[in-house]
Amino acid sequence: MNTHKSNKFHAKTETKESVCTVFLNGELDLSVASDFRLVMEPLVGDTKHDLVINLKELKYIDSTGIGILLSILKSRQGMDVKFMVEDVPPQIQKLFDMTGITKFFASQENSH
């Protein structure tokens with residue numbers, strides 16, 4: 001289990017069997033984007049594990065955070081592994097719906 005923490009953002013990774021889950025906590029915005037990218041970089045190309053981003057404890061995400069999630073989705077397409085976003089809080093789900101990205105995460109989750 002790896003943990004990365006700043007004052008307002010925290011990411012914890014947990015690997016069980018063939019699934020690597022990244023738990024996000026706090027606020028994912030431009031000021032912590034580089035921290036989030038550092039956590040995700042070694043995980044994105046891992047073809048041995050499905051990748052799950054758990055947003056249950058995420059309070060806020062801006063366009064930079066959304067952009068990172070979309071770049072992960074794009075990088076994982078064509079790999080024989082899943083990428084899912086789960087436990088999306090209502091306020092973040094509303095933003096995903098408004099920006100039209102919900103369908104990309106949902107279709108990816110249901111593609112296997």
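Which backbone nitrogen lies 3.0 Å from a polar atom of the side chain of aspartate 62? In this predicted model the answer is the backbone nitrogen of threonine 64, and the backbone nitrogen of glycine 65 lies 3.1 Å from a polar atom of that aspartate 62 side chain. Polar contacts are pairs of N or O atoms within 3.5 Å, where within protein one atom must be able to donate a hydrogen and the other to accept it, and where residues adjacent in sequence count only if both atoms are side-chain atoms.

Residues are numbered from 1 along each chain as its sequence is written. Because the model is predicted, local features need pLDDT of at least 70 and side-chain atom pairs count only at pLDDT 80 or more, whereas totals for chains, interfaces and linings use all residues, and side-chain values use heavy atoms, with hydrogens and water left out.

The protein chain has four helices and five strands, which follow one another from the N terminus in the order β-β-β-α-β-α-β-α-α; helices (H or I, at least four residues) and strands (E, at least two) are DSSP runs numbered from the N terminus. Of the 112 residues in the protein chain, 43% are buried, where buried means under 20% relative accessible area, exposed means over 50%, and partly exposed lies in between (1.4 Å probe, protein chains only). The protein chain exposes about 6,300 Å², of which carbon and sulfur atoms supply 50%, with accessible areas taken from the Shrake-Rupley method with a 1.4 Å probe and, for residues, only the protein chains shown counting as cover. Among contacts (heavy atoms within 4.5 Å) between residues at least 6 apart in sequence, 68% join residues at least 24 apart.

The mean pLDDT of the protein chain is 90, and 88% of its residues reach 70 or more. Confidence is highest in strand β3 (residues 19–28), at a mean of 97, and lowest in strand β1 (residues 2–5), at a mean of 60. Over residues 108–112 pLDDT stays under 50, and the model has 10 contacts beyond four places in sequence for these residues. Where pLDDT is low, the predicted coordinates should not be read in detail.

A search of the whole structure finds four salt bridges, a salt bridge being a side-chain nitrogen of Lys or Arg within 4 Å of a carboxyl oxygen of Asp or Glu. Lys8, Glu27 and Asp29 are linked in a network of such bridges. Elsewhere, the side chains of glutamate 57 and lysine 59 form a salt bridge (3.7 Å, N to O), and glutamate 57 is partly exposed, with a relative accessible area of 36%.

Aspartate 62 is placed in the loop between β4 and α2 (63–76) and is buried, with a relative accessible area of 15%. Aspartate 62 has no salt bridge, and the nearest side chain of opposite charge, lysine 8, is 7.5 Å away; in this count Lys and Arg are positive and Asp and Glu negative, while His and the chain ends are not counted. Not counting residues up to four places away in sequence, aspartate 62 touches Leu28, Asp29 and Leu30. The C-alpha atoms of aspartate 62 and leucine 30 are 7.4 Å apart, although the two residues are separated by 32 residues in sequence.

Aspartate 46, in the loop between α1 (33–44) and β4 (50–61), is likewise buried without a salt bridge, with the nearest side chain of opposite charge, lysine 48, 5.7 Å away. The backbone nitrogen of lysine 48, however, lies 2.8 Å from a polar atom of the aspartate 46 side chain. Beyond its neighbours within four places in sequence, aspartate 46 is in contact with Arg76 and Val81.

Notes: pLDDT = per-residue confidence, 0-100.
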